[in-house]
Amino acid sequence: MTRTNANAGMVLVLGAMLAASALLAGGCDAKVGNPTIALNLPEKYNTPDGMTVDAKNNIILSVPNINDPNHPAVMLSISPTDEVTEITKLPNHPDTKRAIPLGVGVGSDGNLYISDSQGFVTDEHKSRVLRVVMKDGKAVKVEVVVTGLVMANGLAAHGDMIYVCDSKLEPKAYPLPSGVYGFKISELSGDKPYQVKPGLADKHLAIHFTTKNKDWQVGANGLGFDNEGNMVVCNFGDAQLIQGKMGAGGKVVSQKVVAEGQGMLSCDGLSVDRKSGDVYIADFLGNALHRVNLKTGKVTTIAKNANTDGADGSLDRPSEPCVRGNKVYVSNIDLPLAGNIYDKPHTLSVVEVGQ
Ligand SMILES: [Ca+2]
Ligand SMILES: [Ca+2]
């Protein structure tokens, strides 16, 4: 699968995805927008993914290094002037010898919470939530606080809670159930990590839904909260943005699909623009960045292009957007799927939006 590190597990999990690539021919024809390179990352940061903005307006970036795991997974900080510093490396899972950080959020305690998506190498419930304990802007230690997820993915901090997606609650079931767990920060312990119950059984499950797209059995993915405090979560395979009304106890009491398709081939990562209230979505399969108006459900394609190496700033299989000021940064995960080749450069693209 990867250029230098064919990995049997990854082939197992992602192999079915490759079969779908032929169906996507023609999905990347028309070029829209003109993104430029925000960051050109060195080889040791070869696969960027999840992002969030911290209290000092730094972007926190997960670097799972899926494409070349000879380099350890790290967390980076991108300053307001786009200078990159390494926050910490992440501890490998004792069984898989990998750490695969995707979603990241800053908790109300000031610590970083990160989904470690072992679902890229195994379906055996080995995904975790990690906590990077921060002090004076520096990482003090990394703890495991939740275990037992299948494919941990998007993660969001909201109030005194941490929410994390599991893209595959029951990996062999069809249609595929997926969902979002919510944990009070006060109940998370590095000394005694919480083990989630499999399937739909865990009391922390805040929302769940299914994915019907047989070629892409990947569900809950990008995650956030809109300006009214509703959960917004992407259903990757069915190209849906789902909105959930929150009730007491931090669980969703009603949910609806606010946008589906309309040019979106998949809904991967998302980011809420606090000024406009709009949701930006990275479309891995469509090789595109879209904007969704939550009031109307209308989808507008902001950027889209054919398969590329990303050297001119074009989208190179984007997985996550991140709104900072008037810019949307986009991680190009560049996985070798859907006809794409993993290649240099390793980039974050950026587009200017609004005023
Ligand atoms: Ca590239
Ligand atoms: Ca590429």
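Okay, let's start with a sheet: four strands, open, in the order S10-S11-S12-S14, with antiparallel pairing. Strands here are DSSP E runs of at least two residues, helices are H or I runs of at least four, and both are numbered from the N terminus. Two strands pair if DSSP finds at least two bridges between them. At the edges sit strand S10 (152-158) and S14, each pairing on one side only. From one strand to the next, the twist averages 15°; axes are lines fitted to C-alpha atoms, for helices over the stretch in contact, and angles between N-to-C directions run from 0 to 180 degrees.

Before I go on, some housekeeping. This is a predicted model, where local features need pLDDT of at least 70 and side-chain atom pairs count only at pLDDT 80 or more, while totals for chains, interfaces and linings use all residues. Residues are numbered from 1 along each chain as its sequence is written, and chains are lettered from A and ligands numbered from 1 in the order in which they are written.

So how confident is the predictor? pLDDT is its confidence in each residue, from 0 to 100. The protein averages 93, and 92% of the residues score at least 70. Confidence is highest in strand S16 (residues 231-235), at 99, and lowest in helix H1 (residues 8-19), at a mean of 42. Over residues 1-28 the pLDDT is below 50, yet in the model that stretch has 49 contacts beyond near neighbours in sequence. A contact means that two C-beta atoms, placed from the backbone, lie within 7 Å.

Back to the sheet, and to S12 (residues 176-184). Eight of its nine residues are buried. For burial, we look at other C-beta atoms within 10 Å of a residue's own, again placed from the backbone: 20 or more is buried, 12 or fewer is exposed, and in between is partly exposed. If you want to click on pairs, Cys165 is bridged to Val180 in S12, Met161 stands opposite Lys184, and Leu176 partners Thr211 in S14. In the loop between S11 and S12 you'll find Pro175, and the peptide bond into it from Tyr174 is cis, omega near -10°.

Now the other sheet. It's open too, with four strands in the order S1-S25-S24-S23 and antiparallel pairing. Strand S1 (36-41) and strand S23 (318-324) are at the edges with a single partner strand each, so one side of each has no neighbour in the sheet. Neighbouring strands are turned by 25° against each other on average, direction ignored. Inside, strand S24 (residues 327-332) and strand S25 (residues 346-352) run antiparallel and are joined by five bridges; Val330 has Ser349 as its partner in S25. The loop between S24 and S25 holds Pro345, and the bond from Lys344 to Pro345 is cis, omega near -5°.

Asp82 has a phi of about 65° and lies in the loop between strand S4 (74-78) and strand S5 (84-89). Arg317 has phi near 60°, in the loop between strand S22 (299-304) and S23. Which of these is buried, and which partly exposed? Arg317 is buried, with 25 C-beta neighbours inside 10 Å, whereas Asp82 is partly exposed, with 14 other C-beta atoms within 10 Å.

Definitions and conventions
pLDDT is the predictor's confidence in each residue, from 0 to 100.
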